[in-house]
Amino acid sequence: MPSWDPDVYERYRTYRDRPALDLMVQIPPHDFNEIWDLGCGTGEHAALLSARHPGARVHGLDSSSDMLAAARRRAADVDWVLGGVEDWAPDRAPDLLFSNAALQWLPDHPTLFPRLAGGLASGGVFACQMPMAFETEHHRILRETAEEGPWASLTASARVIRPTPSLDDYYGWLAPMCGEIDLWTTTYLHALEGDDPVLEWMRGTGLRPYLDVLTDPALREAFLAAVRTGLAQAFPARDDGVTLFPFPRMFIVASRR
Ligand SMILES: C[S@@+](CC[C@H](N)C(=O)[O-])C[C@H]1O[C@@H](n2cnc3c(N)ncnc32)[C@H](O)[C@@H]1O
């Protein structure tokens, strides 16, 4: 599990918020009592869920104490819980499970997704968004750079992003316990500004496992320089200085029978 830096993660907040909000508005109306945000990070969306559903008890679960420390600074009526989704066993059956950009870090989705959706109260909703990172050009560059240099033996353990299963796969895992299942993908075209914007974006998420294992400063800088070169070639800035950065994401909204 990579380390997380709330400040770096927050830098692209506007772009990272958009899919969470696109997911939230697709949650069907329901009288929610127990809401969990799994992998809540700095707590923005758990706080929003609390504001949207004032009668509900809202919990935000995250395995990073740094992210949760930032979440706890919010003035929000949310129960912040330090822990991993893999060990999570709520006292009461939730009727909304929300998870934005977190479950892709967990292995074994054929087991995990039925377990999460199967634990919902009857009529409850499972709403999840995951970046389809493995399939992107920037992750291909990161992987190939990591495999080729003097850092390769160290970064082997950092290649934790896996190929995204298909929409059909997720449908099949959820169909035994869910009635309505809505699955879709969206590719956002982010217009980024500044120097090396894709590298800076990746510092908040995809690069973290690699930077965690490259503790030697010189090796780390050499690796970053190689990634920077690859990304600059693949994502050149336009004449107006904007760098266009496509990012595909998968969405799931499923209702428990
Ligand atoms: C990309 S961030 C997303 C944070 C937040 N959901 C958002 O949209 O801003 C991923 C979050 O998932 C958390 N996370 C990763 N693996 C986890 C696990 N196994 N259990 C709980 N949280 C996890 C990380 O600590 C991090 O805060």
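Reader: At what angle do helix H5 and helix H8 pack, and how many Å apart are their axes?

Author: In this predicted model, H5 (residues 109–118) and H8 (residues 167–174) pack at about 45°, and their axes are 9 Å apart.

Reader: Which residues of H5 and H8 meet?

Author: From H5 come His109, Pro110, Phe113, Pro114 and Ala117, and from H8 come Tyr170, Trp173 and Leu174. These contact residues divide into 7 nonpolar, 1 polar and no charged.

Reader: How do H6 and H11 cross?

Author: The axes of helix H6 (residues 137–148) and helix H11 (residues 217–234) come within 10 Å and cross at roughly 145°. The crossing of H6 and H11 is right-handed. Glu137, His138, Ile141, Leu142 and Thr145 in H6 meet Ala226, Val227, Gly230, Leu231 and Ala234 in H11.

Reader: What is the strand order of the open sheet?

Author: The 7 strands run S3-S2-S1-S4-S5-S7-S6, with mixed pairing. On average, neighbouring strands of this sheet are turned by 15° against each other, direction ignored.

Reader: What makes S3 and S6 edge strands?

Author: Strand S3 (78–82) and strand S6 (178–192) each pair on one side only.

Reader: How do you know that S4 and S5 pair?

Author: Pairing needs at least two bridges, and S4 (residues 96–100) and S5 (residues 125–131) have 5, so they pair, in the parallel sense. Leu97 has Phe126 in S5 as its bridge partner.

Reader: Which strands does helix H2 lie across?

Author: Helix H2 (residues 13–24) lies across S4, S5, S6 and strand S7 (243–256), and runs at about 150° to S5.

Reader: Why does the radius of gyration agree with a compact globule?

Author: A compact globule of 257 residues would have a radius of gyration near 18 Å, and the protein has 19 Å, which agrees. The C-alpha trace spans about 50 × 40 × 40 Å along its principal axes.

Note on methods: Residues are numbered from 1 along each chain as its sequence is written. This is a predicted model: local features need pLDDT of at least 70, side-chain atom pairs count only at pLDDT 80 or more; totals for chains, interfaces and linings use all residues. Helices (H or I, at least four residues) and strands (E, at least two) are DSSP runs, numbered from the N terminus. Axes are lines fitted to C-alpha atoms, for helices over the stretch in contact, and angles run from 0 to 180 degrees between N-to-C directions. Two residues are in contact if their C-beta atoms, placed from the backbone, lie within 7 Å. Ala, Val, Leu, Ile, Met, Phe, Trp, Tyr, Cys and Pro count as nonpolar, Asp, Glu, Lys and Arg as charged, and the others, Gly among them, as polar. The radius of gyration is taken over C-alpha atoms; the globule rule is 2.2 Å times the number of residues to the power 0.38. A crossing is left-handed if the near helix is turned anticlockwise from the far one by less than a right angle, and right-handed if clockwise.
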